[in-house]
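Colleague: I should like to learn how to read this structure, feature by feature. Please give the general idea each time and then the case at hand.

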Amino acid sequence: MKRHSILAREWEMISAYLDDQLRAKQRQLFEIQLNQRPELHAALEEIQRTRLILRNAATLKAPRNFTLTPETASSYSTFGYNNITRRLAPVLSFSAALTSILFVIVVLASIFITRPASQPELAMQKVVVEQPTSQPVSSAVAKRMATTEEPATELSTPYPEVLPESEMPEFFEPAPPYAEGNGGGMGGSIPLPTEASLAASAPPVDLTNTFTASADIAPDVSEQKLQTQGSLEATSVYPPPSPDLFITATPPVYPPPELISNEEPRSRLNIWYIAEIGLGILALGTGIGAYLLRRSVK
Amino acid sequence: MDEQSMIHAAQKGDLEAFNRLVLFYQDAIYNQAFRVMGEKQAADDATQETFISAYRNIRSYRGGSFKAWLLRIVTNACYDELRLQQRRPTTPFEPYNAEDEEIESNLWMIDPGEKPEDCLERLELGNAIQNCLNQLPLDFRTVVVLVDIQGMDYQEASDVIKKPVGTVKSRLSRARMRLKDCLQGFWELLPDRFRLKQEGI
């Protein structure tokens, strides 16, 4: 038989002709071809024989009954689906282990790399922040007092000491409104009031008052009190104030409370928290998933 | 109880009704699985899986030929399993004879209790057909089993494999061509009735 003389399209026609899947017109044309071409007819016979053999192949009887019991109907199968779960369970287990290790690493890293400041360190930081409130009174003035014995006129200003701009802390704002009126505050351009004007405008200070720098600062620092009972008594490191020191000014102007940073220094970045939470959830989820899958496979 | 009533009952969870359907179709499903897989144990597993899957998803059955619906499930199960087998190829077990030489023929696997004529018949036809089917690509094999062994028409086969009728026609034609070439080597082994019919064509 000249097999190669038969086109693939004609083999399809032969097959469809045997299965009676050709339309009337196609069938008619094909039968004409069959009569004219012996090789096509021979091919038809061979395919017909093959088809007959297949159709007469013994029908196998099922080796057993495949009826389902309630248990088998509800249980997981051992074919197909189960293969997927069987492969998925170790993958999930591995993922759970990996994410758990990563979680521990991230937690340790966040502790050691971005360690939060200890309590004394925090206290020291606050002292540094609040230091300017006492510095003009305690250190600078007392220093001058100890060395030059300046008269009290310099201290009779509403604010005990005005620092030059270069030494001025950043958080000091230019004079608040009330300081403008009284000439107080730390604004460098505001002229210092005279004693007479202050006596006229400002109410007398209750000399029995004791000003405490801050309640939050460390105990040793908080003991630094600004006592105004006729003298400026800073700490024991400073010489005793002269008795003619009179402060007739308004209370010292502290920086606005909102400018004094009470928040903890930024010891941890948000990214660490996000990583910890994300990895924790992932580790937990994959672990539970792996456990459930393994349990279901069993 | 007719088939539709049993299907409706099974859809409502009646396992007994479903089992009647199983008894009715299990031979056809097992045949399909065996012809596609080529192994009895794998065919057994695939058949069991098919009925479990069918019972679980019977609510998704929307009418039409129930046999075709079952055949689609078993065909998909066979595809999945064969793909898995391709990923993890196994080494066939080869026994050794008294001289410690490997026995290459698989005749040693034949049950010695089997009658010679039955064995011959099985070897002549069943093995010939199955050997030739196993040599076909999976897509061709599926179509030829659906049409020539299960007796489906092109449209039904198209529904089972979810391909156009033209694809079924093309695959069937190519499968028959290859089977024809393959079976030519077994002509002498075929039972007389096929030879007689061959002469009568």
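Colleague: How many helices and strands does chain B have?

Modeller: Helices (H or I, at least four residues) and strands (E, at least two) are DSSP runs, numbered from the N terminus. In this predicted model, chain B has 9 helices and 0 strands. Read from the N terminus, its elements run α-α-α-α-α-α-α-α-α. Chain A has 10 helices and 2 strands, in the order α-α-α-α-α-α-α-α-β-α-β-α.

Colleague: What conventions should I keep in mind?

Modeller: Residues are numbered from 1 along each chain as its sequence is written, while chains are lettered from A and ligands numbered from 1 in the order in which they are written. As the model is predicted, local features need pLDDT of at least 70 and side-chain atom pairs count only at pLDDT 80 or more, whereas totals for chains, interfaces and linings use all residues.

Colleague: What is the mean pLDDT of chain B, and over which residues does pLDDT stay under 50?

Modeller: pLDDT is the predictor's confidence in each residue, from 0 to 100. The mean for chain B is 81, and 73% of its residues reach 70 or more. Over residues 196-201 of chain B, pLDDT stays under 50, and the model has 5 contacts beyond four places in sequence for them. Where pLDDT is low, the predicted coordinates should not be read in detail. The model as a whole scores ipTM 0.74 and pTM 0.50.

Colleague: What share of each chain counts as buried?

Modeller: A residue is buried if 20 or more other C-beta atoms lie within 10 Å of its own, exposed if 12 or fewer, and partly exposed in between; these C-beta atoms are placed from the backbone. Of the 201 residues of chain B, 34% count as buried. For the 298 residues of chain A, the share is 21%.

Colleague: Is B:Ile73 buried or exposed, and which residues is B:Ile73 in contact with?

Modeller: B:Ile73 belongs to helix α4 (residues 66-87) of chain B. With 20 other C-beta atoms within 10 Å, B:Ile73 is buried. Two residues are in contact if their C-beta atoms, placed from the backbone, lie within 7 Å. Apart from neighbours within four places in sequence, B:Ile73 is in contact with B:Thr50, B:Ser53 and B:Ala54. Between B:Ile73 and B:Thr47 there are 9.4 Å in space, C-alpha to C-alpha, and the two are 26 residues apart in sequence.

Colleague: At what angle do α6(B) and α8(B) pack?

Modeller: Axes are lines fitted to C-alpha atoms, for helices over the stretch in contact, and angles run from 0 to 180 degrees between N-to-C directions. Angles under 35 degrees count as roughly parallel, over 145 as roughly antiparallel, 65 to 115 as roughly perpendicular and the rest as oblique. Helix α6 (residues 138-149) and helix α8 (residues 165-183) of chain B pack at an angle of about 95°, with their axes 8 Å apart. The two helices are therefore roughly perpendicular to each other. Among the residues that make the contact are B:Phe140 and B:Val144 of α6(B), and B:Leu172 and B:Arg176 of α8(B).

Colleague: Which residues of α7(B) are buried?

Modeller: In helix α7 (residues 154-161) of chain B, the buried residues are B:Tyr154, B:Ala157, B:Ser158 and B:Val160. They cover an arc of only 160° around the axis, which puts them on the same side of α7(B). The arc is that of the directions from the helix axis to the C-beta atoms.

Colleague: What phi does B:Lys162 take?

Modeller: Most residues other than glycine have a negative phi. Just after α7(B), B:Lys162 takes a positive phi of about 55°. B:Lys162 lies in the loop between α7 and α8 of chain B and is exposed, with 10 other C-beta atoms within 10 Å. In chain A, A:Asp20 has a positive phi of about 55° although it is not a glycine. A:Asp20 is placed in the loop between α1 and α2 (24-36) of chain A, and it counts as exposed, with 8 C-beta neighbours inside 10 Å.

Colleague: How many residues does each chain give to the contact between chain A and chain B?

Modeller: Chain A gives 36 residues and chain B gives 45 residues. On the side of chain A that touches chain B, the elements giving two or more residues are α1 (8-18), α3 (38-55) and α4 (70-74) of chain A. The largest share, 11 residues, comes from α3(A).
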